[in-house]
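This note sets out points for a colleague who meets the structure for the first time. Please read each point beside the sequence and the model.

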Amino acid sequence: MRINCCLIVWIFLIQGSYANAQNIDSTLSVYAGKYSQERMYLHFDKSSYATGETIWFKAYLMEDIYPAGAAKTVYLDWTDEKGKIVLHGAYPVINSAANGQFEIPTDYTGKSVHVRGYTKWMLNFDTAFLYNKDVRVLSSTSASSKNDKTVIPSLQFFPEGGDAVAGISNKIAFKANDQWGRPIKLKGTITDSKGKTLSPLRNLHDGMGYFLLVPEANTTYTAKWKDEKGTDHITPLPAIKQSGISMQVTVTGTKRILNINFTPDLAQGSSDIHIVGTMYQNKVFEITENTNKGPVQKSIPTQNLPTGILTVTVLDDKWKPLAERITYVNNYESVFQPLMEVKQYGLSKRAKNQIQISIPDSLQASLSISVTDENIDTDSSNNIISHLLLTSQLRGQVFNSAYYFSNDDDSVAQHLDLVMLTHGWRRFNWEDVVKGKFPKISYPRDSSYLSLSGKIFGVLPSQFRGAGNIIMFVKQKDSASKTVLMPILPDGTFNDPEKIFYDTIRVYYTFSKNSVLSDASVQFMDNRMSPPANTAGSTLFPLIDTAGNYRHSLLASEANRIRDMVAGKVLEEVVVKAKTKSPIQVLDEKYTSGLFTSGDGYQFDLLHDPFSGSAMNIFTYLQGKVAGLQISTSGANTSLQWRGSTPALFLDEMPTDVSLISTVNVSDVAYIKVFRPPFIGAFGGGSGGAIAIYTRRGGDVKPVPGKGLSNNIVYGYTGVRQFYSPNYGTFDRRNEEKDFRTTIYWNPNVILYPGKRQATLTFYNNDVSDFFRVVIEGMTSDGRLAHVEQLIE
């Protein structure tokens, strides 16, 4: 989807370098048509989480000014503070959006989890523009802990257009912030190498400002300034160029006034300069001027441009870039306002609430809605509008980006221009554009959903002709084995686009003409992305004590206590009932020996467990069954943690590792014994405990469909759960427990369209909340965005 039809393109008189101009026009057209870039935003149900809580999210995708229509899969990498992947998730995209959840382990000790979001197509371009966010994790002590980290202030300078040039007037912007990107206040002066004070240094907004300077050749300039604590600092200004141009852009309503000055050598050269404006990789205007006419001043109308970043580039007669500046255009056509009406107030304990959401008749929109306790911590500094229309297109961090879309005052526009001055970057490599060179595409667009597919290796290409079918016995969680036949194509691949699945499956396979492919191996789901290298570091600033943080931590701790208490009751019932020798004691005597016969821990009888066959592997079977044992399953990235250490693994009492255990079929296992830390039978003392797996013997062996065939564990889309919202108007045993939820309601899939422009949503209060905060975000089918935040009091 292109935006050419929405843009008014001004083509002024073009002189000289006609061939280059044609080549650039052609190249830019290809960039706009084939290399447009996708952007992603995640709406979370709240801004921070406690250990044991679930992060609910909805991902929105845009391309240019429209919803991204090509992508079919979104990938999210959830990592700890050290960059270790906890979960590599894949989620199907429907109507340019996807949703899911991530559970924070109860024993997680980090202060944040990092999420990185992307599509395959996004990986072809600068990874700085992938979605990255640190999500704060509250511990039981975080609300009262003190911030003992030293603030490190820094000051950066940004000459408008790119360079400070001697002999002509330059606007030089600056940005002062700390190591977490928060603005700092400063006072100071600009001095030259002779010690002469030339200009004051003052904040205009959030640590940003600018000053005018006519620098002299062969002179250096320095900023002498004090931070908020009165500490002195000295920062040099960028080096002064002896020859070049100075470009200044002034924001005046729906126009941009462009002023270009040259050094004398360029002015006397009587050469052409080209001024090119681009938005979303589309050329929107081009002007050619001759330097012998003196300084250039142009008025660029912007009222018919879409909302977004306009890049103005000045190039010489050989189309080499001389200066570049970005400026923001906001014509307010890219937003819409859903209306929320409270139909029934229920602010008392477990009371019923109803809200009605409506949009104009002409729109079709996909919305996500969260309702949280009003008194917990919140962060409104960024939202879907500020991210997709601004920060997703800029390098570096923009502090409180939502402010720049809060109203249409001139002061806000001027402050936004400071962001443009201090965050400029080059979208195009103009040298490549002139040569007609395009980006290297390593990852094609995800034009189809992930489905059961693969490729056969280890045989000659000629052997694929007439190779017949691959026969697969597919075992999926909570379902019986199914037989699937797929034809093998001449290139050795097989695929059925209708076989879309979630979570993991175990696939046993053979070939209809086994003699032809007897030595072949199969790689399943080769189109499912593995996580790329993770280079993102935490930029989350230290926690500041607030009543909201404290309340959130307190409620979450109470909810965790009740959950653990319920789990303890269940375990206690099991222990009390086991008064005589049970089948599991019989198994223990039959299978264990030596140090494995005793020890404090858990025992699992898989011979008599009717649900064991629904587990994909040993680790998914054990998930949630052992208190304190954290199991993160993500293919080869499966990891185990118990009391800060990794449990030792034994198969039939022989030491082994995760990779081998993950291949053991659950139906081949008779007995599992989990030893609490420490386990002296493990190397190094077993500080993480131990897990002993025993395979079936003799009469315990049970035939399994596909047994003896080659098999693989295959990963599909990450499972998506439905948010549990209790209905206190009906009887449910789950309603007997106390309710301390801080997320009262979450709905990521509210779809409205002509004929159904309203939706009525019902939810019940918890036991303690007095007021609610409702956040509505969404996107229409034509790319308009919405963010509404409203209190119910």
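Is Arg784 buried, partly exposed or exposed? Arg784 is partly exposed, because its relative accessible area is 28%, where buried means under 20% relative accessible area, exposed means over 50% and partly exposed lies in between, with a 1.4 Å probe and protein chains only.

1. Basis of the note. This is a predicted model, in which local features need pLDDT of at least 70 and side-chain atom pairs count only at pLDDT 80 or more, while totals for chains, interfaces and linings use all residues. Residues are numbered from 1 along each chain as its sequence is written, and side-chain values use heavy atoms, with hydrogens and water left out.

2. The salt bridge of Arg784. The side chain of Arg784 meets that of Asp782 in a salt bridge, at 3.0 Å from N to O; the term denotes a side-chain nitrogen of Lys or Arg within 4 Å of a carboxyl oxygen of Asp or Glu. Asp782 counts as partly exposed, at 33% relative accessibility.

3. Other salt bridges. Side chains of opposite charge can pair when their charged atoms come close. The whole structure holds 24 salt bridges. One of them is between Arg445 and Glu38, with an N to O distance of 3.4 Å. This pair links distant parts of the chain, 407 residues apart: Arg445 is in the loop between helix 5 (430–435) and strand 30 (453–457), and Glu38 is in strand 2 (residues 38–44). Helices (H or I, at least four residues) and strands (E, at least two) are DSSP runs, numbered from the N terminus. Arg445 counts as partly exposed at 25% relative accessibility, whereas Glu38 counts as buried at 5%. Glu341 and Lys343 also form a salt bridge, their closest N and O atoms being 3.5 Å apart. Glu341 is partly exposed with a relative accessible area of 41%, and Lys343 is partly exposed at 44%.

4. Ser36. This residue lies in the loop between helix 1 (18–34) and strand 2. Ser36 counts as buried because its relative accessible area is 1%. Its side chain makes a polar contact with the side chain of Glu63 at 2.3 Å. A polar contact is a pair of N or O atoms within 3.5 Å; within protein, one must be able to donate a hydrogen and the other to accept it, and residues adjacent in sequence count only if both atoms are side-chain atoms.

5. Strand 9. How many residues of strand 9 (residues 112–118) are buried? Seven of its seven residues are buried. In a regular strand the side chains alternate between the two faces of the sheet. Here Ser112, His114, Arg116 and Tyr118 point one way, and Val113, Val115 and Gly117 point the other way. Strand 9 runs antiparallel to strand 6 (residues 73–79), to which five bridges join it; two strands pair if DSSP finds at least two bridges between them. Trp78 stands opposite Val115. Strand 9 also pairs with strand 10 (residues 131–138) in the antiparallel sense, over six bridges, and there Asn132 is the bridge partner of Arg116.

6. Three strands form an open antiparallel sheet in the order 20-21-24. Its edge strands, strand 20 (245–252) and strand 24 (296–301), each pair on one side only. Strand 21 (residues 255–262) pairs with strand 24 over six bridges, and Ile260 has Val296 of strand 24 as its bridge partner.

7. Backbone details. A cis peptide bond, with omega about -5°, joins Pro677 and Pro678. Pro678 is placed in the loop between strand 41 (669–675) and strand 42 (690–695). Two residues other than glycine with positive phi also deserve a look: Ser96, with phi near 65°, and Asn218, with phi near 60°. Ser96 is in the loop between strand 7 (85–92) and strand 8 (97–103) and is buried, with a relative accessible area of 9%. Asn218 is in the loop between strand 16 and strand 17 (221–226) and counts as exposed at 75%.
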